[in-house]
Amino acid sequence: MTSSDAPKRGLLDHLSRIVLGLAGAALLAMALVQAWQVFARYVLNDSPGWTEPVALILMSVAVMFGAAVGVRYETHFAFQTLAHSMPGPIRSGLATLSRLIAAATGLGLATMGGYLMLDDWTVPLAGAPLPSGLKFLGLALGGVLILIFALERLFTGAPKPVRED
């Protein structure tokens, strides 16, 4: 890593922590929404219609943001068993290939997810007073993050070891 790479990596370290925190917050919020659904249905006998679509949106955000961080640390889209069984030059080529596949996947998810989100934005979400395009928010943003983190790996190489703070 050159000295000019250090600020970029620091920025991406910070982004990665924020994205992982948002994924965790989305999981927690999803659990709370589902807990409310169960309480309202079985205790109040008044099941709210908004809980299922909101929980699905939160799940999409959690999964896609978690996958993006996994791409950054090469624990997702990494074909590790195959790569580690190969000699050095082939291993390096497979690492580059997996990073290219992750980048292409991120680009596809961001492009198509963004298109679906914008196309469906004006339609009301069934069961909740929200735009239906929100269903694709996790897909679009997660795709952008996967693309960013895959390109980082492509240009900077293997991830640095995770420090215990």
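The model is predicted. Helices α2 and α5 pack at an angle of about 5°. The structure holds 5 salt bridges, and D13, R72, E152 and R153 are linked in a network of them. A nonpolar surface patch covers about 720 Å².

**Packing of α2 and α5**

- The axes of α2 and α5 (residues 137-156) lie 8 Å apart, at an angle of about 5°.
- That angle makes α2 roughly parallel to α5, because angles under 35 degrees count as roughly parallel.
- On the α2 side, the contact residues are S60, V61, M64, F65, A67, A68, V69, V71 and R72.
- On the α5 side, they are G138, L139, L141, G142, G143, L145, I146, F149, A150, E152 and R153.
- R72, E152 and R153 take part in this helix contact, and these three also belong to the salt-bridge network with D13.

**Salt bridges**

- E74 pairs with R99, with the closest N and O atoms 2.4 Å apart.
- E74 sits in the loop between α2 and α3 (80-84) and R99 in helix α4, so this pair ties together parts 25 residues apart in sequence.
- Both partners are buried: E74 has a relative accessibility of 16%, and R99 has a relative accessible area of 11%.
- D120 forms a salt bridge with K135, and their closest N and O atoms are 3.6 Å apart.
- D120 lies in helix α4 and K135 in the loop between α4 and α5, so the pair ties together parts 15 residues apart in sequence.
- The side chains of E152 and R153 meet in a salt bridge, at 3.7 Å from N to O.
- R153 is buried, with a relative accessible area of 2%.
- E152 is buried as well, with a relative accessible area of 5%.

**The loop between α1 and α2**

- N45 lies in the loop between α1 (5-42) and α2 (51-72).
- Phi of N45 is near 55°, a positive value in a residue other than glycine.
- N45 is exposed, with a relative accessible area of 69%.
- W50 is in the loop between α1 and α2 too.
- W50 counts as partly exposed, at 32% relative accessibility.

**Nonpolar surface patch**

- The patch is made by W36, V38, F39, Y42, V43, L44 and W50.

- A55 is in helix α2 and is buried, with a relative accessible area of 7%.
- Leaving aside residues up to four places away in sequence, A55 touches M30, V33 and Q34.
- A55 and V33 are 22 residues apart in sequence, with their C-alpha atoms 6.4 Å apart in space.
- T105 is found in helix α4 (residues 88-120).
- T105 counts as partly exposed, at 26% relative accessibility.
- T105 and V144 are 39 residues apart in sequence, and 9.8 Å separates their C-alpha atoms.

Methods. Residues are numbered from 1 along each chain as its sequence is written. This is a predicted model: local features need pLDDT of at least 70, side-chain atom pairs count only at pLDDT 80 or more; totals for chains, interfaces and linings use all residues. Side-chain values use heavy atoms; hydrogens and water are left out. Helices (H or I, at least four residues) and strands (E, at least two) are DSSP runs, numbered from the N terminus. Buried means under 20% relative accessible area, exposed over 50%, partly exposed in between (1.4 Å probe, protein chains only). Patches are made of residues with over 30% relative accessible area and no salt bridge: like charges are joined within 9 Å, nonpolar side chains (Val, Leu, Ile, Met, Phe, Trp, Tyr) within 5 Å. Accessible areas come from the Shrake-Rupley method with a 1.4 Å probe; for residues, only the protein chains shown count as cover. A salt bridge is a side-chain nitrogen of Lys or Arg within 4 Å of a carboxyl oxygen of Asp or Glu. Axes are lines fitted to C-alpha atoms, for helices over the stretch in contact, and angles run from 0 to 180 degrees between N-to-C directions. Angles under 35 degrees count as roughly parallel, over 145 as roughly antiparallel, 65 to 115 as roughly perpendicular and the rest as oblique. Contact means heavy atoms within 4.5 Å.
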